[in-house]
Amino acid sequence: MVLEKKQIASFPWGHERRFNAYSNYFRALYGARLQKVSIDAGFTCPNRDGSKALGGCTYCNNDAFNPSYCQPVKSVSEQISEGIKFHKWRYNEAVSYLAYFQAYSNTYASIEKLKLLYEEALNYPGVTGLIIGTRPDCIDNEKLDYLRELSARYYIAVEFGIESCYNKTLERINRGHSFEEAVSALLRTAGLGINTGAHFIFGLPGESREEMLNEVQIISGLPLTTIKFHQLQIIRGTVMEQEFKNNPGDFELFTLEDYLDFFIPFLERLNPAIVVERFTGEAPTRYLTGKGWGGKRADQIVKMIEKRMEEQNTWQGKLYRGKE
Ligand code: SF4
């Protein structure tokens, strides 16, 4: 059975795509395309500098995700300028930009330093907001109050690396914080009216597929504006690469086909109010250990998932039964 046009238009997010898509969310908010421009402002993270741990999360190699124009030797303005040129060359249609403080933990500094960096970005012509990537244990009330003030004038979102709802997994990958700390950070941020985002990884060692699917009920109850999902990729130069080489049997990496089979039932159970920004991660193949997924880009995988949802006549939240 194929949905009638009338039924499709009744998706709660107000458009005809079968999931609450990030690009459509921004078009609805601003009436035009917004482009994120990544910034590496030279932060580190407490899981690397010794205040929590040394060595970082076992899967982490930030270089694998940093666009080439992001180098902390350049000022925030220089990186934005180069990022805008880069994206204009690729798309030629963005009308305004969000400065994405992406590399490492972008609230891990004094409030004075954060104000200088964030306000340099917000003062750049065409920048209408900030996305700030950080850890749940790197935010405090003073920083949140400041971000709340900014939220009155700009689009502000704090994007937390959460990765798993299971503390046994967070310990295994050396995250250095618990799931409860992540929930607390989300509640405090959302409670002030600041947009919240989160990253989750599927395929982490020690988690069964059933446990991963069961996370959807927990995630659906979190105060999230947006979410990004990633399949585990083993990145060269990480602690996890060595673990993988030593004990490959500990890892059950998703093939692309497996992932499609897993992800659609997950999406069917996900709270339809959460805007989904990513279905998969996309580290360049030169950073990957193993075969990867044949160089498929994230946008190609989105199309595959949308096509499958169409064929199966399903959509985000079709099986969602409300918050527990
Ligand atoms: S993933 Fe984030 S929190 Fe973990 S070590 Fe890397 S920068 Fe730090």
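**Aromatic pairs and charges**

1. Helix α2, which covers residues 22-30, holds both Y22 and Y25, and these two are three residues apart, about one turn of the helix. Both Y22 and Y25 are buried. The model is a predicted one.

2. Across the whole structure, a search finds 27 aromatic pairs. Y22 and Y25 form an aromatic pair, with 6.2 Å from centre to centre and 40° between the planes, and the pair is tilted. The planes of F254 and F262 stand at 45°, with the ring centres 5.3 Å apart, so this pair is tilted. The cut-offs behind that word are these: planes under 30 degrees apart count as stacked and those over 60 as edge-to-face, with the rest tilted.

3. F254 and F262 are both buried. Ring pairs join them into a cluster whose members are F19, F202, F229, F254, Y259, F262, F263, F266, F279 and W293.

4. Which ring does the charged end of R209 sit over? The ring is that of F254, and the charged end lies 3.7 Å from the ring centre. For K168, the charged end sits over the ring of Y166, at 6.0 Å from the centre.

5. E215 belongs to helix α8, residues 209-220. E215 is buried but has no salt bridge.

6. What is E215 in contact with, once its neighbours within four places in sequence are left aside? The contacts of E215 are then S164, C165, Y166, F202 and E207. Of these, F202 is listed in the ring cluster, and Y166 is the ring under the charged end of K168.

Technical notes
Residues numbered from 1 in each chain as written. Predicted model: local features only at pLDDT ≥ 70, side-chain atom pairs only at ≥ 80, totals over all residues. Heavy atoms only, no water. Phe/Tyr/Trp six-rings, centres within 6.5 Å; stacked < 30°, edge-to-face > 60°. Helix = DSSP H or I, 4+ residues; strand = E, 2+ residues; numbered from the N terminus. Buried < 20%, exposed > 50% of the residue type's maximum accessible area, 1.4 Å probe, protein only. Lys NZ or Arg CZ within 6 Å of the ring centre and 35° of its normal. Lys, Arg positive; Asp, Glu negative; His and termini not counted. Salt bridge = Lys/Arg side-chain N within 4 Å of Asp/Glu carboxyl O. Contact = heavy atoms within 4.5 Å.
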